[in-house]
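This report describes the overall form of one protein model and then turns to selected residues and elements within it. The sequence and the structure are shown first.

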Amino acid sequence: MPNSELMPIGVFAQRSGLTSSALRFYADSGLLPPAEVDTVSGYRYYSADQVARATVLRQLREIAMPLAAVEAVLDAGADEASRLLDEHVSKVIGDAVAAQQKAAVIKSVLGNVPGLPITALKSPVFADAVAQVLTATVCEPGMAVLAGLRIEASHEAVTLTATDRYRLSTRTLVPTEPPRQTWAGTVDGDELQGAVAEIRRSALVRLEAVRHGIWLRVADREDRHCRLLPEEFPDYRLMLASLGEVTTRVTISKELLLRALEEHPGERIALHVTAHGMHVRSADDEHPGIPLPASATGRALQIWFELTTLYPAVSTSIGPDVMLDLRGSDQPVTIRSADRGDLTTLVMPIKFDNSA
């Protein structure tokens with residue numbers, strides 16, 4: 001007779017979330033042998049302290065981990081198990097990205113439609129511009145377009161734009177060859193970021209549109225394909241056109257402002273602008289503000305930002321100085337290079353309640 005503290009396979013299956021057939025398979029493979037087997041009936045019984053191992057086993061199989069790797073995780077210490085899990089997830093993600101790329105290429109070939117040449121750009125310039133603009137993206141469930149980068153080619157220029165609803169970043173590039181015709185599409189940001197990392201050292205990249213994506217073609221490396229996102233991109237031009245009048249303008253050293261943002265405590269930061277310069281303050285009154293030399297015109301103003309919103313906008317600006325166009329404590333702020341206007345970032349401030 002089995003120990004009264006043991007449970008039959010059916011009960012154990014309910015406790016662990018594994019089916020009885022799966023438990024028999026894992027017992028035969030040595031991953032989860034029963035605590036006791038009735039020698040007459042062959043019935044299998046499990047102990048309560050096996051539930052935890054069975055549950056983890058089920059969870060590992062749910063993320064498609066091979067049996068050999070499952071055994072290694074179950075028998076490893078916490079640190080080694082964590083490393084093995086990270087290694088498995090990285091492989092799964094890599095395989096998924098590779099499959100996605102191949103599927104996009106296959107769809108392009110099956111369409112049997114020749115690519116549409118868009119334009120040619122200097123690869124290092126294009127790669128840097130993509131990296132700068134993509135700081136204004138976010139991965140948000142149900143809104144894939146917010147992780148995309150909008151590419152628009154006119155007869156004179158190529159414009160890259162991205163937005164996450166709290167920031168909007170746009171940069172205009174002068175192509176090495178005038179675009180053959182106007183074109184616009186929203187490209188998957190992750191795929192584009194991976195592609196430009198590969199082509200950065202090439203001299204020239206040619207953009208070619210196909211039905212479901214774009215090709216980045218270079219002379220000395222493998223061409224890269226990036227998917228187009230079908231969702232409609234936000235009407236950022238309407239937002240830019242509706243911006244209010246600039247009431248305060250500040251020009252400040254990019255290096256000094258970044259250093260102040262890095263050194264000041266707190267996740268929320270206030271910029272206090274007067275005719276004498278700018279102070280970087282935090283919500284904690286115990287910490288004094290950091291005074292920064294700056295050239296300021298217009299009204300005195302204090303405006304609050306999340307550090308995670310403000311810092312990327314400043315760090316990706318071009319040149320040694322940045323210009324901030326302020327429209328009020330609750331209005332979007334334009335951040336751009338003081339001497340180059342081809343990269344512009346719009347940043348939303350936050351409301352701050354001292355009693356909160």
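## Charge and surface

In this predicted model, the 35 positive and 45 negative charges of the protein have mean positions that lie 6 Å apart. The protein exposes about 19000 Å², of which carbon and sulfur atoms supply 53%. Buried residues account for 42% of the 356 residues.

## Overall form

Ten helices and 20 strands make up the secondary structure of the protein. The radius of gyration is 28 Å, whereas the globule rule gives 21 Å for 356 residues; the value is well over that figure, so the protein is more spread out than a compact globule. Taken along the principal axes, the box filled by the C-alpha atoms is roughly 90 × 65 × 35 Å.

Among contacts in the protein with a separation of 6 or more, 62% come from residues 24 or more positions apart.

## Two residues with positive phi

Most residues other than glycine have a negative phi. Ala 64 has a positive value, near 65°, and is not a glycine. The residue is found in the loop between α3 (51-62) and α4 (67-75). Ala 64 counts as exposed because its relative accessibility of 56% is over the 50% cut-off.

Arg 165 also has a positive phi, of about 85°, without being a glycine. The loop that holds Arg 165 runs between β6 (158-163) and β7 (167-173). With a relative accessible area of 48%, Arg 165 is partly exposed.

Arg 171 lies in strand β7. Its relative accessible area is 7%, so Arg 171 is classed as buried, the limit being under 20%. The side chain of Arg 171 is joined to that of Gln 132 by a polar contact of 2.6 Å.

Not counting residues up to four places away in sequence, Arg 171 touches a set of residues that includes Val 125, Asp 128, Ala 129, Gln 132 and Val 133. Val 158, Thr 159 and Leu 160 are also among the residues in contact with Arg 171, as are Ile 318, Arg 340, Asp 342 and Leu 343.

Leu 192 lies in helix α7, which spans residues 189-199. This leucine is buried, with a relative accessible area of 0%. Leaving aside neighbours within four places in sequence, Leu 192 is in contact with Phe 126, Val 130, Leu 149, Val 187, Leu 216 and Cys 226. Leu 192 and Arg 227 are separated by 35 residues in sequence, and their C-alpha atoms are 8.5 Å apart in space.

In helix α10 (residues 307-315), the buried residues are Thr 309, Leu 310, Pro 312, Ala 313 and Val 314. The elements that cover these buried residues of α10 include α9 (254-263) and the strands β7, β13 (268-274), β17 (301-306), β19 (333-337) and β20 (343-347).

## Ser 47 in a loop

Ser 47 lies in the loop between β3 (44-46) and α3. At 15% relative accessibility, Ser 47 counts as buried. A polar contact of 2.3 Å links the side chains of Ser 47 and Asp 49. When residues up to four places away in sequence are not counted, Ser 47 touches Leu 6, Met 7, Phe 12 and Ala 35.

Terms used:
Residues are numbered from 1 along each chain as its sequence is written. This is a predicted model: local features need pLDDT of at least 70, side-chain atom pairs count only at pLDDT 80 or more; totals for chains, interfaces and linings use all residues. Side-chain values use heavy atoms; hydrogens and water are left out. Helices (H or I, at least four residues) and strands (E, at least two) are DSSP runs, numbered from the N terminus. The radius of gyration is taken over C-alpha atoms; the globule rule is 2.2 Å times the number of residues to the power 0.38. Buried means under 20% relative accessible area, exposed over 50%, partly exposed in between (1.4 Å probe, protein chains only). Contact means heavy atoms within 4.5 Å. Accessible areas come from the Shrake-Rupley method with a 1.4 Å probe; for residues, only the protein chains shown count as cover. Lys and Arg count as positive and Asp and Glu as negative; His and the chain ends are not counted. The place of a charge is taken as NZ of Lys, CZ of Arg, CG of Asp or CD of Glu. A polar contact is a pair of N or O atoms within 3.5 Å; within protein, one must be able to donate a hydrogen and the other to accept it, and residues adjacent in sequence count only if both atoms are side-chain atoms.
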